Amino acid sequence: MTDKIIIKIENLAKTYKIGDFKVRALRGVDLQINEGEFVAVMGPSGSGKSTLMNMIGCLDIPDSGKYFIESIDVSKLNDNQLAEIRNKKVGFVFQTFNLLARLSTFQNVELPTIYTRIKIKNKNKRIHEYIESVGLKNKEKNKPSELSGGERQRVAIARALINNPTIILADEPTGNLDSRTGEEIMAIFQKLNREGKTIILVTHELEIALHTNKIIYLRDGLIIKEEIIENPSSAEEILLKMPNLEDRISAAN
């Protein structure tokens with residue numbers, strides 16, 4: 001982690017109108033994330049997690065307040081400019097993987113490069129390298145239906161990396177996976193973070209959040225607490241201690 005500020009949010013507010021009701025999703029959030037941090041965002045349903053992540057991912061704009069990515073004031077950008085920031089600065093990993101069923105692993109990872117105007121030198125070589133880095137070297141021609149849930153999420157991670165984003169935004173990335181596979185995915189995120197990637201992860205599982213360096217707790221549209229994790233859980237160590245899913249279920253009970 002460095003002292004370079006990647007994300008700076010000042011008094012961010014967002015209200016949604018649902019029928020005759022107004023929902024204050026964010027009520028004046030202040031947040032700073034430095035380059036190389038691995039941050040988990042936690043909170044109950046309706047706390048503002050999704051809204052905050054939509055703001056960070058440039059999928060929505062605030063009603064008031066400011067949001068900066070590397071000194072760029074995102075809150076002032078139009079739709080086309082927001083799309084360009086998303087393509088260049090943010091890599092997304094979703095709970096439901098969001099892979100195209102008709103495409104192979106290679107083609108799914110390649111997809112973001114087609115939508116962006118960024119020219120990537122030795123693109124095919126780079127795609128092969130990212131696929132290999134997430135442990136799918138021999139799965140490049142497989143369609144999503146031929147992969148396990150964990151393998152699909154690995155494809156999604158490689159896809160998120162292909163444009164070399166400033167931020168990796170992971171929304172419940174282990175939510176559709178069993179506990180052992182979830183630990184394997186967290187091991188990949190920890191490796192990427194050790195290599196310098198800034199990662200922001202939404203999760204409702206404290207066990208998953210404890211793999212990160214900092215936990216941000218949201219409630220009623222406000223950050224109520226930030227907790228520094230001095231010794232993040234090692235996914236590899238947990239797998240060694242609990243080698244099968246049955247042991248993990250027993251431990252949870």
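Predicted model: local features only at pLDDT ≥ 70, side-chain atom pairs only at ≥ 80, totals over all residues.
Along the principal axes, the C-alpha trace extends over about 50 × 50 × 40 Å. The secondary structure amounts to nine helices and 10 strands, and 49% of the 253 residues count as buried. When contacts between residues at least 6 apart in sequence are considered, 70% of them join residues that are at least 24 apart.

Among the helices, α3 is largely enclosed by the rest of the structure, because eight of its 11 residues are buried. The buried residues of α3 are Thr-105, Phe-106, Asn-108, Val-109, Glu-110, Leu-111, Pro-112 and Thr-113. The cover over these buried residues of α3 includes α4, which runs over 123-133, as well as α5.

The helices α3 and α5 also take part in the largest pocket, where each of the elements α2 (79-89), β6 (90-94), α3 (105-115) and α5 (149-161) gives two or more residues to the lining. The volume of this pocket is about 390 Å³. Its lining consists of 15 residues, of which Asn-87, Val-90, Phe-92, Pro-112 and Arg-159 are the closest to the pocket centre. Pro-112, one of these central residues, is also among the buried residues of α3. The largest share of the lining, four residues, is contributed by β6. Sorted by class, the lining is made up of nine nonpolar, four polar and two charged residues.

Phe-92, which belongs to the group closest to the pocket centre, is also a member of the one aromatic pair that the structure holds. A pair of aromatic rings is described by the distance of the centres and the angle of the planes. For Phe-92 and Phe-94, the ring centres lie 5.8 Å apart and the planes meet at 5°, so the pair is stacked, given that planes under 30 degrees apart count as such. The two partners fall into separate accessibility classes: Phe-92 has 18% relative accessibility and therefore counts as buried, the limit being under 20%, whereas Phe-94, at 27%, counts as partly exposed.

Technical notes: Residues numbered from 1 in each chain as written. Heavy atoms only, no water. 1 Å grid on protein atoms, 1.4 Å probe; cavity = no way out; pocket = protein on both sides within 12 Å on 5 of 7 lines; lining within 4 Å. Points joined across faces, edges and corners; volume = space filled by probe spheres on them. Nonpolar A, V, L, I, M, F, W, Y, C, P; charged D, E, K, R; others polar. Phe/Tyr/Trp six-rings, centres within 6.5 Å; stacked < 30°, edge-to-face > 60°. Buried < 20%, exposed > 50% of the residue type's maximum accessible area, 1.4 Å probe, protein only. Contact = heavy atoms within 4.5 Å.
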